[in-house]
Amino acid sequence: MDYLLEQVNNQLYVLAVWDAEWSTYTNAYFIQGDAGLTVVDSCKEGHLVFLQHALNKIGKTADDVKLMLVTHGHEDHVGGAPLFTKAKKVIHTDEIFPDASSIRGELLDRGVIGNFEYTRVGYHSPGSVIFFHRPTKTIFTGDFLCFFGDPLSEGGLVSKGDDLRQAWIEFLQGGGVARQDLPQFLTGLKIMKEYDPDVMCTGHGGVLVGDVGVFLDELMTIGEKNKKKE
Ligand SMILES: [Zn+2]
Ligand SMILES: [Zn+2]
């Protein structure tokens, strides 16, 4: 098993590539729209073949992708960019990324691109952005909030993911987000909550569906508590 491909809803597919080198699932997302396909993130350069396979499975090719949205510039998110030669590819101006990717650093701190709204959250990397697709109420969090190195939920790749939520809650309770990063992290959670998402698509591992706002509230409560600790 090298990758999993699953339809999340009528417009959205998740591709989760198993990266044995880093022992994690790494995700990319395909969203169908009137103006063609959008891809959010693109795994590593070595994963190009999986992106191609996945697109073929849903009856598409890389040339059908007209827009590439990049949450941040790490190699496991921008590596597939060269595949999408017909796409406009964008990332936040503060991000560092490989020149050869033909990605343009033009996203500001808040805005709209295609059918997506976005806001810079700046935790994990300086120009980390979250995207929100309002038609499907889906949030794309990149590595701001993800399940790097975690197994998939018992419920599967796309699920409520109670076990994954619990693991993140315990991670945060145990000081997983450094004290000096907490204000920025909490601001990012608040921004996510304001979008009122039904689906949470992260950079790595399980896709969460249902009660996403409840999960964000739980994280915010713990984060606030940690902030007050001596
Ligand atoms: Zn990253
Ligand atoms: Zn990553």
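1. Helix α5 (residues 212–228) has 17 residues and spans 25 Å from its first C-alpha to its last, close to the 24 Å expected at 1.5 Å a residue. The expected span is 1.5 Å times one less than the number of residues in the helix. Helices (H or I, at least four residues) and strands (E, at least two) are DSSP runs, numbered from the N terminus.

2. On provenance: this is a predicted model, in which local features need pLDDT of at least 70 and side-chain atom pairs count only at pLDDT 80 or more, while totals for chains, interfaces and linings use all residues. Residues are numbered from 1 along each chain as its sequence is written, chains are lettered from A and ligands numbered from 1 in the order in which they are written, and side-chain values use heavy atoms, with hydrogens and water left out.

3. The buried residues of α5 are Val212, Gly213, Phe215, Leu216, Leu219, Met220, Ile222, Gly223 and Asn226. Buried means under 20% relative accessible area, exposed over 50%, and partly exposed in between (1.4 Å probe, protein chains only). Their cover includes α3 (162–173), α4 (182–195), β13 and β14; contact means heavy atoms within 4.5 Å.

4. Helix α3 has 12 residues and reaches 16 Å from first to last C-alpha, close to the expected 16 Å. Leu164, Arg165, Trp168, Ile169 and Leu172 are its buried residues. Seen down the axis of α3, these fall within an arc of 140°, so they line one face of the helix; the arc is that of the directions from the helix axis to the C-beta atoms. They pack against α4, β14 and α5. Just after α3, Gly175 has a positive phi of about 85°.

5. The open sheet has 7 strands in the order β8-β9-β10-β11-β13-β14-β12, with mixed pairing. β8 (110–113) and β12 (158–159) are at the edges with a single partner strand each, so one side of each lacks a neighbour in the sheet. Two strands pair if DSSP finds at least two bridges between them. Strands β13 (residues 199–202) and β14 (residues 207–209) run antiparallel and are joined by 2 bridges. Val199 stands opposite Val209 in β14.

6. The largest nonpolar core has 28 residues, of which Leu145, Trp168, Phe185, Leu189 and Met200 touch the most other members. β10 (129–133), α3, α4 and α5 each supply at least two residues of this core, and α4 gives the most, with 7 residues. Apart from this core lies another, of 25 residues, including Tyr13, Val39, Ile58 and Ile91. A nonpolar core is a set of buried Ala, Val, Leu, Ile, Met, Phe, Trp, Tyr and Cys residues joined through side-chain atoms within 4.5 Å.

7. Leaving aside neighbours within four places in sequence, Phe185 is in contact with Tyr123, Phe144, Leu145, Trp168, Leu172 and Val177. At 0% relative accessibility, Phe185 counts as buried; Phe144, at 1%, also counts as buried.

8. The whole structure holds 12 aromatic pairs. Rings of Phe, Tyr and Trp (its six-membered ring) pair if their centres lie within 6.5 Å; planes under 30 degrees apart count as stacked, over 60 as edge-to-face and the rest as tilted. Tyr123 and Phe185 are edge-to-face, at 5.2 Å centre to centre and 70° between the planes. This pair links the loop between β9 (116–120) and β10 to helix α4, 62 residues apart. The ring centres of Phe144 and Phe185 are 5.1 Å apart and their planes at 20°, so the pair is stacked. Tyr123, Phe144, Trp168, Phe171 and Phe185 form one aromatic cluster.
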